[in-house]
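This briefing is written for a reader who is meeting a protein structure in detail for the first time. Please look over the sequence and the structure, and then follow the points below, which are grouped by topic.

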Amino acid sequence: MLFKEKHTSSPLISARRELWFYSVKSVRTLAGILLCFVVLNRFVEGDSSKDELIQKERKRMVSVSNNGDYWLLVQSTSPSFDQNREKNITTQLGQTVYLHCIVNNLGDKAVAWIRRHDLHLLTVGTVTYINDNRFSPVHVENTGDWSLQIKYPQLTDAGLYECQVSSDPKISFFVNLRVLEPKAEILGVHPLYVKTGNSINLTCVISDSPELPVFVFWYHNDRMINYDTERGMISLHKWGNDAAISTLYITDAQLTDSGNYSCGPSNAEATGISVFCLNGENPAAIQRDASTSQAPSRIQWEVWKFILLTVSWMLLR
């Protein structure tokens, strides 16, 4: 009897346990669904406090950029050029020249020099990339000066040169080089006639000469007279940006002062002038005498020419 009661109560207990199990499972499922909704809602809507901070930062950055402070900050930390450096350089033939490029905030970037007319890479940093020892980089440590040195520049070296920084994007600074060839000329009428007792004043202009010549030698015929200071004086000074002037002054001209005078600057070909010191003679008469003295030589040439033609005609017969 007892065994029967125990057997009949077992299905009821199992049913209750099963009902309790499914109830707990349903509650867990519902809780999980609710949790997912909460997380999803937080993800979609976001954290309002964080959103407010982000919006405030965005407004601050927009305000900074509108005021120009942002770009000042960028420029102060990015490579830039000193725009106050000379962009047009003039030198003379054979005079060593430096093209300056001042870079601020270079950091780990490199500076290169490029010749624009043929796009030839000349230097990178302190290394030369052209097989021409006239070109070389010059950098002063702890400064932003990255210069290009050109020794003995030629006329063909004139043109545009680019100083380039390997930033992203690349930035460039351009320098235009002008190479001049100095020329010397003695001003005034050629030849020059001076009465004895007066002074001889010769002016030699060296044009296309940005730098003063190292020296200017004056010659009377084949003798240098720079150190003849008893009656003469020589001066040299700059004239404008691209010229120099040397003057020769001789007092109390004598007949022995006649002859050829030449001006020989260190940076240009020499040039000369003929000077005639007159003792009351008329310059026109001297010119006639000169042409007369040349007449015999012309007559002699005509005679020899006739003789040669006659001999040639006889031989051909």
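Arg 134 is buried, with a relative accessible area of 16%, where buried means under 20% relative accessible area, exposed means over 50%, and partly exposed lies in between, for a 1.4 Å probe and protein chains only. The model is a predicted one, in which local features need pLDDT of at least 70 and side-chain atom pairs count only at pLDDT 80 or more, while totals for chains, interfaces and linings use all residues. Residues are numbered from 1 along each chain as its sequence is written, and side-chain values use heavy atoms, with hydrogens and water left out.

**The chain as a whole**

- The secondary structure of the protein chain comes to four helices and 20 strands, these being DSSP runs numbered from the N terminus, with helices (H or I) of at least four residues and strands (E) of at least two.
- The protein chain has 317 residues, of which 26% count as buried.
- The accessible surface of the chain is about 22100 Å², and 57% of this area belongs to carbon and sulfur atoms; such areas come from the Shrake-Rupley method with a 1.4 Å probe, and for residues only the protein chains shown count as cover.
- Among contacts in the chain with a separation of 6 or more, 61% are between residues 24 or more positions apart, a contact meaning heavy atoms within 4.5 Å.

**Salt bridges**

- A search of the whole structure finds nine salt bridges, each being a side-chain nitrogen of Lys or Arg within 4 Å of a carboxyl oxygen of Asp or Glu.
- One of them joins the side chains of Arg 134 and Asp 132, at 3.3 Å from N to O; Arg 134 is the buried partner, whereas Asp 132, at 22% relative accessibility, counts as partly exposed.
- Asp 132 and Arg 134 also belong, together with Asp 157, to a network of salt bridges.
- In another salt bridge, the closest N and O atoms of Arg 223 and Asp 228 are 2.7 Å apart, and here Arg 223 is partly exposed at 46% relative accessibility, while Asp 228 is partly exposed at 34%.
- Asp 257 and Arg 231 form a salt bridge as well, with their closest N and O atoms 2.9 Å apart. This pair links distant parts of the chain, 26 residues apart, since Asp 257 lies in the loop between strand S18 (243–250) and strand S19 (259–265), and Arg 231 in the loop between strand S16 (223–224) and strand S17 (232–238).
- Of these two residues, Asp 257 is buried at 7% relative accessible area, whereas Arg 231 is partly exposed at 34%.

**Disulfides and cysteines**

- The whole structure holds two disulfides, a disulfide being a pair of cysteine sulfur atoms within 2.5 Å.
- Cys 101 is joined to Cys 163 with an S to S distance of 2.1 Å, and the link is left-handed, with -75° about the S-S bond. The two cysteines are 62 residues apart and link distant parts of the chain, with Cys 101 in the loop between strand S3 (97–99) and strand S4 (103–104), and Cys 163 in strand S10 (residues 159–165).
- Cys 204 and Cys 263 form a disulfide with their sulfur atoms 2.1 Å apart, and this link is left-handed, with -75° about the S-S bond. The pair links distant parts of the chain, with Cys 204 in strand S14 (residues 200–207) and Cys 263 in strand S19, 59 residues apart.
- Both Cys 101 and Cys 163 are buried, and Cys 204 and Cys 263 are buried too.
- When the bonded cysteines are numbered in sequence order, the pairing is 1-2, 3-4.
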